[in-house]
Amino acid sequence: MEPFRVHILGCGSALPTTHHFSSMQVVECRGKLYMIDCGEGAQLQLRRSSLSFEKLGNVFITHLHGDHCFGLIGMISTFGLLGRHAALNIYAPGEFESMLKTQLDMFFNYDIGYEVVFHPVDTRVQQVIFEDHSLTVETIPLDHRMPCAGYLFREKPGLPHIRRDMIDMYGIPISQINNIKAGQDYTLPDGTVVKSEQLVTPADAPRSYAYCSDTRYMPSLHEMVKNVNTLYHESTYADDKVTGAEKYFHSTARQAATVARDAHVGKLLLGHYSARYADESILLNEAKEVFQNSYLTNEMDIFDV
């Protein structure tokens with residue numbers, strides 16, 4: 001099975017913290033990289049992770065608070081200095097387009113060597129905004145102080161696996177393997193037809209990853225992320241600040257776990273911690289009371305979806 005995993009580059013909130021970077025992750029799927037949010041220090045964290053700059057072609061910004069997008073212009077600049085030629089696609093709320101253009105015009109009065117393509121995101125609806133041969137990405141409308149959308153990555157179904165024992169038994173040449181995986185029967189030299197389903201085992205089940213950035217607790221959110229393999233949900237506060245979570249449009253770890261439980265997800269990743277919690281185990285413990293398969297995220301962690 002090809003890798004489908006999440007690299008945690010930053011998991012802190014906007015409040016000052018000495019031990020976390022701002023929000024940013026990279027989703028790795030079938031050899032391609034997709035960034036979600038781009039807080040300060042993004043290029044530094046990319047270097048530390050040893051992820052390939054060249055494989056990163058798409059950046060998805062959830063909303064326009066600085067801790068989710070202040071690292072973007074520096075990363076764009078560095079890509080140009082490194083000789084990038086492939087286009088970089090930026091998906092973000094529509095309001096970001098003019099700000100991004102202003103930054104590009106202000107800081108770069110020369111050709112940076114590649115195209116930056118902006119794609120406006122409607123944060124009010126759930127819809128597919130990106131698709132390639134590996135996966136689709138759809139928006140998840142969230143409830144924050146400004147327009148905000150999470151992102152749901154769904155892997156596309158793969159081909160079935162060839163049965164090596166059957167290949168050896170019938171002496172099937174390598175040139176026919178892809179045809180068989182695609183559903184084509186194989187005809188033996190004596191005219192006997194061997195059905196493709198006899199020669200393969202079922203494909204791996206497609207995997208999915210949902211990233212729910214800054215949001216107040218949404219009782220209906222579980223319906224949009226139902227049955228995903230892995231859910232990231234912000235968990236800024238513990239139960240002691242549940243009133244503040246409601247006021248400032250954030251969630252508690254227990255509320256994040258409630259979404260995970262109601263959605264029947266495989267595992268829950270917690271993040272976007274408030275700096276007031278020096279020991280984040282309080283967040284993990286409260287989440288586990290509701291959804292046992294919960295995990296804290298930390299910089300340079302890697303989670304298999």
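What share of the contacts in the protein chain with a separation of 6 or more is accounted for by residues 24 or more positions apart? In this predicted model, such residues account for 64% of those contacts. The chain itself has 305 residues, of which 53% are buried, and its secondary structure comprises 10 helices and 18 strands. Taken along the principal axes, the C-alpha atoms fill a box of roughly 75 × 55 × 35 Å.

Of its 10 residues, 8 are buried, so helix 2 is largely enclosed by the rest of the structure. These buried residues are Leu 72, Ile 73, Met 75, Ile 76, Ser 77, Thr 78, Phe 79 and Gly 80. Their surroundings are made up of both helices and strands: the buried residues of helix 2 pack against helix 1 and helix 3, and also against strand 3 (32-36), strand 4 (56-60), strand 5 (88-93) and strand 6 (116-121). After helix 2 comes Gly 83, a residue whose phi is positive, near 90°.

The two helical neighbours can be taken in turn. Two packed helices are described by the angle between their axes and the distance between the axes. For helix 1, residues 42-49, the axis comes within 8 Å of that of helix 2, and the two cross at roughly 60°, which makes helix 1 oblique to helix 2. On the side of helix 1 the contact is formed by Ala 42, Gln 43, Leu 46 and Arg 47, which meet Gly 74, Met 75, Thr 78 and Phe 79 of helix 2.

The crossing in which helix 2 passes helix 3 is right-handed. Here helix 2 contributes Leu 72, Ile 73 and Ile 76, while helix 3 contributes Phe 96, Leu 100, Gln 103, Leu 104 and Phe 107. The residues of this contact divide into 7 nonpolar and 1 polar, with no charged residue among them. An α-helix has 3.6 residues a turn, so residues three or four places apart point the same way. That spacing can be followed in the contact lists, where Leu 100, Gln 103, Leu 104 and Phe 107 of helix 3 take part in the contact with helix 2, and where Met 75, Thr 78 and Phe 79 of helix 2 take part in the contact with helix 1.

A search of the whole structure finds 16 salt bridges. One of them joins Glu 138 to Arg 154, with the closest N and O atoms 3.1 Å apart. Because Glu 138 lies in strand 8 (residues 135-141) and Arg 154 in strand 9 (residues 149-155), this pair ties together parts that are 16 residues apart in sequence. Glu 138 counts as buried, at 12% relative accessibility, whereas Arg 154 is partly exposed, with a relative accessible area of 32%.

Strand 9 also holds Glu 155, whose side chain meets that of Arg 207 in a salt bridge of 2.8 Å, N to O. Since Arg 207 lies in the loop between strand 13 (200-201) and strand 14 (208-212), the pair ties together parts that are 52 residues apart in sequence. Both Glu 155 and Arg 207 are buried, and together with Arg 30 they are linked in a network of salt bridges. A further salt bridge, between Asp 262 and Arg 261, has an N to O distance of 3.0 Å; Asp 262 is partly exposed at 26% relative accessible area, and Arg 261 is partly exposed at 41%.

Most residues other than glycine have a negative phi. Asn 227, however, has a positive phi near 65°. Asn 227 is placed in the loop between helix 7 (221-224) and strand 15 (230-234) and is partly exposed, with a relative accessible area of 49%. Met 300, likewise not a glycine, has a positive phi of about 75°. Met 300 is found in the loop between strand 17 (294-296) and strand 18 (302-304), and at 35% relative accessibility Met 300 counts as partly exposed.

How values were computed: Residues numbered from 1 in each chain as written. Predicted model: local features only at pLDDT ≥ 70, side-chain atom pairs only at ≥ 80, totals over all residues. Heavy atoms only, no water. Left-handed = near helix turned anticlockwise from the far one by under 90°. Helix = DSSP H or I, 4+ residues; strand = E, 2+ residues; numbered from the N terminus. Contact = heavy atoms within 4.5 Å. Nonpolar A, V, L, I, M, F, W, Y, C, P; charged D, E, K, R; others polar. Salt bridge = Lys/Arg side-chain N within 4 Å of Asp/Glu carboxyl O. Buried < 20%, exposed > 50% of the residue type's maximum accessible area, 1.4 Å probe, protein only. Axes fitted to C-alpha atoms, helices over the stretch in contact; angles between N-to-C directions. Parallel < 35°, antiparallel > 145°, perpendicular 65-115°, else oblique.
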